[in-house]
Amino acid sequence: MKAEETTDTHTHVVIFPCPVQGHVSTMLKLAQLLSLHRFHITFITTDCIHHRLHRFGDIQALLQTHPTLQFKTFPDGLPHNHPRSGESLVDLFHSINLHAKPHIKHIVLSAKPTLTCFIGDGVFGALTVDVANEVSIPIIHFRTISASCFWTYFCVPKLFQSNQLPIRGDEDMDRVITCIPGMENVFRCRDLPSFCRGTESDIVFPMNSMAFETRETLRARALILNTFEDLEGSVLSQIRLHFPRVFTIGPLHAQLNSRQDSNPETTPSTNCVWEVDRSCVTWLDSQPLKSVIYVSFGSIATVTREKLLEIWYGLVKSKKRFLWVVRHDMDGGDRVPAELEEGTKERGFIVGWAPQEEVLAHKAVGGFLTHSGWNSTLESLAAGVPMICWPAFGDQHVNSRFVSEVCKVGLDMKDVACDRDIVERMVNDLMGHRREEFLNSAEALALLANQSVSPAGSSYSHLDHLMHYIKSLGQ
Ligand code: UDX
């Protein structure tokens, strides 16, 4: 289907992501894609995120190139100086669940033209379904996690019923989980979402737990996932037994690039809530082909000074070139050992926030030491860059296993002591001894990822189907 066939100035979609970088930037990409087809979009976010998007994310350019897109905001209920990252993120979830409903309802009820549907972040499964039902508009859930992780969250109650959970201490961590349909024998206990390291009463029953919120998607009309059929086909067919309408439209950043390239009126804009330091691209320009390992732990995970130093020593001792994102909210401390300063001057570059998609696609980058957030994983897969996975929490444990065992495009550093010798060895394996093996599988997957968002690909046609489906909801 051609773009103009889906062009529609009457369809109006409200989109509400969880107000953190990895969710906002992904759902904003969906907003851009829909508005490329002239859908009206009201994008709801918090005052805090909106302020940061204005400051760092080039919103003016976005609004100029997407005239049918508008932002509406509300206060997240937290004090101005709250960190809204790391462990304190839990406060943000509580606050949104507690305070957001009347604000969202007000925005939705006063929206013009009349709303066709609500695309809500499934991480707030109950909240978004309740809002939609109370104002009588159809609800579609969007999840920023992988299909494999969504499915694992969904299966958690079943894992308790079949005695595969709870995990019985450290000595139980390597036990293989046999009863996740479509992913039998893939995960060990240690690869399950990090919240599975608790008890059934912590995990399954409480309102707003991940297991609870995921099952709320059963009340939504459809589910959108940022993945593609060739990557997660077997799990997707299991998900479709419970959720008949699933649209797989990823990798979203590649889909947006692909559709923007064919639309000369649009220019790319950044969706960052951190200040991007582009000096690293100039540095990369002067490095040899695939010689640099890029290191970044996403927008939320925090790293203690002790671990930061171990990683730093490991990178310097590996003698490989490295580009490292150390966010300003991570404590690097003032006193840096001289040998680290020296090693970084010789072969490294450190920034507070990088233009990651561009960095991963740069010809000088040959590996990625990542926390295995799903966006980072997809961006790396689409760029054909092998990974060392050092997951911190949540879905990242599942993603690191998926990357290493299912895709075979990297190494899993999960639950391994964060020690300089281990970092050095893994970097040398990825960038040295096992480089060809990983690069070959990464390049094959990158080809599939990019085919999926080209006009004959599955994600491209799923987005067309999604747009048709949304339009049908307004008739
Ligand atoms: C979190 C979860 O960890 C993730 O698994 C979930 O899917 C979304 O919410 P986050 O931890 O921030 O997200 O990781 P990730 O999903 O990888 O998203 C980070 C985003 O920030 C990526 O799109 C990445 O390109 C971007 N980024 C990161 C930059 O643009 N520059 C940087 O320097 C670092």
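Predicted model: local features only at pLDDT ≥ 70, side-chain atom pairs only at ≥ 80, totals over all residues.

**Entry 1**

I began with Pro 166, which I found in the loop between helix 6 and helix 7. The bond joining Leu 165 and Pro 166 is a cis peptide bond, with omega about 5°.

Asn 163 sits in the loop between helix 6 and helix 7 as well. I noted its phi near 60°, a positive value in a residue other than glycine. Is Asn 163 buried or exposed? I counted 8 C-beta neighbours inside 10 Å, so Asn 163 is exposed.

Further on I stopped at Asn 185, in the loop between helix 6 and helix 7. Asn 185 has 11 other C-beta atoms within 10 Å and is therefore exposed, since 12 or fewer counts as exposed. Leaving out residues up to four places away in sequence, Asn 185 touches Val 176 and Thr 178. I also checked Asn 185 against Arg 175, 10 residues apart along the chain, and got 9.6 Å between their C-alpha atoms.

I looked up the peptide bond from Lys 112 to Pro 113, and it is cis, with omega near -10°. Pro 113 belongs to the loop between helix 4 (89–109) and strand 4 (117–121).

Asp 415 has a positive phi of about 60° although it is not a glycine. I located Asp 415 in the loop between strand 13 (410–412) and helix 17. With 15 other C-beta atoms within 10 Å, Asp 415 is partly exposed.

**Entry 1: helix 12**

Helix 12 covers residues 305–318, 14 residues in total, and reaches 20 Å from its first C-alpha to its last, close to the 20 Å expected. Which residues of helix 12 are buried? I listed Ile 311, Trp 312, Gly 314, Leu 315, Val 316 and Ser 318. Their cover includes strand 8 (292–296), strand 9 (321–325), helix 13 (338–347), strand 10 (348–351) and helix 17 (420–433).

**Entry 2: around the ligand**

I counted 25 residues around the ligand, and those that come nearest are Gly 22, Gly 298, Gln 356, Gly 373 and Ser 376. Helix 1 (21–36), helix 14 (356–360) and helix 15 (374–383) are the elements giving two or more residues to this shell. By type I sorted the shell into eight nonpolar, 14 polar and three charged residues.

Leu 36 lies in helix 1. I found 22 other C-beta atoms within 10 Å of Leu 36, so it is buried. The C-alpha atoms of Leu 36 and Thr 65, 29 residues apart along the chain, are separated by 8.8 Å.

**Entry 3: the core and the whole chain**

The largest nonpolar core has 142 residues, and Ile 15, Leu 323 and Ile 388 touch the most other members. Helix 6 (residues 147–161) gives the largest share of this core, nine residues. In soluble globular proteins, nonpolar side chains tend to be buried together. Among the residues that Ile 388 touches I wrote down Leu 369, Met 413, Met 426 and Leu 430.

Stepping back, I counted 19 helices and 13 strands in the protein chain. Of its 475 residues, 49% count as buried. A compact globule of 475 residues would have a radius of gyration near 23 Å, and the 22 Å of the protein chain agrees. The C-alpha trace spans about 65 × 55 × 50 Å along its principal axes.

Terms used
Residues numbered from 1 in each chain as written. Near = placed C-beta within 6 Å. Helix = DSSP H or I, 4+ residues; strand = E, 2+ residues; numbered from the N terminus. Nonpolar A, V, L, I, M, F, W, Y, C, P; charged D, E, K, R; others polar. Expected span 1.5 Å × (residues − 1). Buried ≥ 20, exposed ≤ 12 C-beta atoms within 10 Å, placed from the backbone. Contact = placed C-beta atoms within 7 Å. Rg over C-alpha atoms; globule rule 2.2 N^0.38 Å. Core = buried A, V, L, I, M, F, W, Y, C linked by C-beta atoms within 7 Å.
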